[in-house]
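I opened this notebook to record what I looked up, entry by entry. The structure is placed below for reference.

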Amino acid sequence: MSRPGSVIVTGGASGIGLAVVEELLAEGWRVVAADLVPESVEKARAALAPHGDTVRVVQADISDEAQVVKLVAETESGFGPLWGVVNSAGIARDIPALDTSADIFRKILDVNVIGTFLVAREAAKVMQARSAGSIVNIASVSGIQGNLGRAAYGSSKGAVVVLTKVLAVEFAALGIRVNAIAPGPVDTPLVQAVHTDQARTAWLARVPLNRYAQPKEMAGTIAFLLDPEKSSYVTGQTINVDGGFTAGGLIRP
Ligand code: NAD
């Protein structure tokens with residue numbers, strides 16, 4: 001299928017971001033995967049090599065404004081017109097509120113909120129010339145409900161939900177849609193690092209589907225939100241892709 005341009009996927013070297021890159025390539029998009037960690041970038045470059053020049057994997061820190069400006073400018077000028085962005089780069093910590101320092105809180109906001117904002121803003125600056133584009137952010141069920149240990153992370157993801165609405169309203173006049181997904185627990189390196197066995201049991205007790213998602217189970221909804229034909233009237237929404245987590249109350253006898 002012919003696609004209207006290229007897509008930047010931040011955090012594209014791991015977890016949900018990498019699964020999205022693979023899905024978009026399979027759907028015929030040209031993709032720039034951007035990630036912070038050089039080793040992950042190298043690994044993803046090797047894994048995606050069979051896709052040839054339809055994919056680029058680059059190193060970039062989305063919390064650094066100058067690097068974001070460069071990422072978007074180089075994608076637009078060297079890789080075809082920019083159609084879309086998937087803001088999957090993010091960091092998480094599970095820390096009781098009483099132990100959460102201002103530094104940790106700021107770091108999480110810096111990446112998850114300001115980084116997401118910077119990429120969306122710079123992308124919109126170039127997309128507006130064509131009055132077309134789609135931006136997909138990754139929030140979390142922890143940005144919708146209060147989860148233990150998530151004062152900083154949950155606040156950052158709640159901010160992503162509202163940021164998605166504000167940008168959808170402002171960018172509608174530019175022809176750009178902005179949406180988000182809110183995943184429940186997904187088996188990725190991020191979650192494997194923060195979920196102890198005890199935490200895993202506690203999360204599963206709240207998930208009607210009774211399992212963690214695989215990263216590729218996020219990719220279909222994200223691809224739908226990027227698609228200019230399938231989701232052309234959807235903007236400002238956060239879709240919970242959470243195995244029923246946010247629907248449930250008492251879910252098992
Ligand atoms: P992951 O750790 O596998 O992938 C995140 C990637 O983002 C990593 O490769 C990391 O290097 C990159 N990254 C971190 N900081 C960056 C920065 N400053 N600049 C560029 N890249 C950066 O984690 P994941 O689980 O795939 O998470 C992807 C997104 O989904 C995150 O925003 C996360 O908060 C969100 N999320 C994940 C889950 C889950 O259960 N895994 C649930 C809800 C939301």
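**Entry 1: two loop residues.** I counted S131 as exposed because it has 10 C-beta neighbours inside 10 Å. The rule I applied places C-beta atoms from the backbone and calls a residue buried if 20 or more other C-beta atoms lie within 10 Å of its own, exposed if 12 or fewer, and partly exposed in between. S131 lies in the loop between α4 and β5 (133–138). Its phi is near 50°, a positive value in a residue other than glycine.

I then turned to N210, in the loop between α7 (197–204) and α8 (216–226). Its phi is near 65°, again positive in a residue that is not glycine. N210 counts as exposed, because it has 12 C-beta neighbours inside 10 Å.

**Entry 2: conventions.** I noted that this is a predicted model, in which local features need pLDDT of at least 70 and side-chain atom pairs count only at pLDDT 80 or more, while totals for chains, interfaces and linings use all residues. Residues are numbered from 1 along each chain as its sequence is written. Helices (H or I, at least four residues) and strands (E, at least two) are DSSP runs, numbered from the N terminus.

**Entry 3: A151.** I found A151 in helix α5. Is A151 buried or exposed? It counts as buried, because it has 20 C-beta neighbours inside 10 Å. Leaving aside neighbours within four places in sequence, A151 is in contact (C-beta atoms, placed from the backbone, within 7 Å) with A97 and T100. I also recorded that the C-alpha atoms of A151 and L98 are separated by 9.5 Å, the two residues being 53 apart along the chain.

**Entry 4: α4 and α5.** I looked up how α4 packs with helix α5 (residues 151–172): the angle is about 20° and the axes are 9 Å apart. That makes α4 roughly parallel to α5, a term for angles under 35 degrees. Their crossing is right-handed, meaning that the near helix is turned clockwise from the far one by less than a right angle. The residues of this contact divide into 15 nonpolar, 3 polar and 1 charged. Among those that meet are I104, F105 and I108 in α4 and A152, Y153 and S156 in α5.

**Entry 5: the ligand.** How many residues surround the ligand? I recorded 31, the closest being G11, S14, G15, G90 and L190. The elements giving two or more residues to this shell are α1 (15–26), α4 (102–127) and α6 (189–194).

Terms used. A residue is near a molecule or strand if its C-beta atom, placed from the backbone, lies within 6 Å of it. Axes are lines fitted to C-alpha atoms, for helices over the stretch in contact, and angles run from 0 to 180 degrees between N-to-C directions. Angles under 35 degrees count as roughly parallel, over 145 as roughly antiparallel, 65 to 115 as roughly perpendicular and the rest as oblique. Two residues are in contact if their C-beta atoms, placed from the backbone, lie within 7 Å. Ala, Val, Leu, Ile, Met, Phe, Trp, Tyr, Cys and Pro count as nonpolar, Asp, Glu, Lys and Arg as charged, and the others, Gly among them, as polar.
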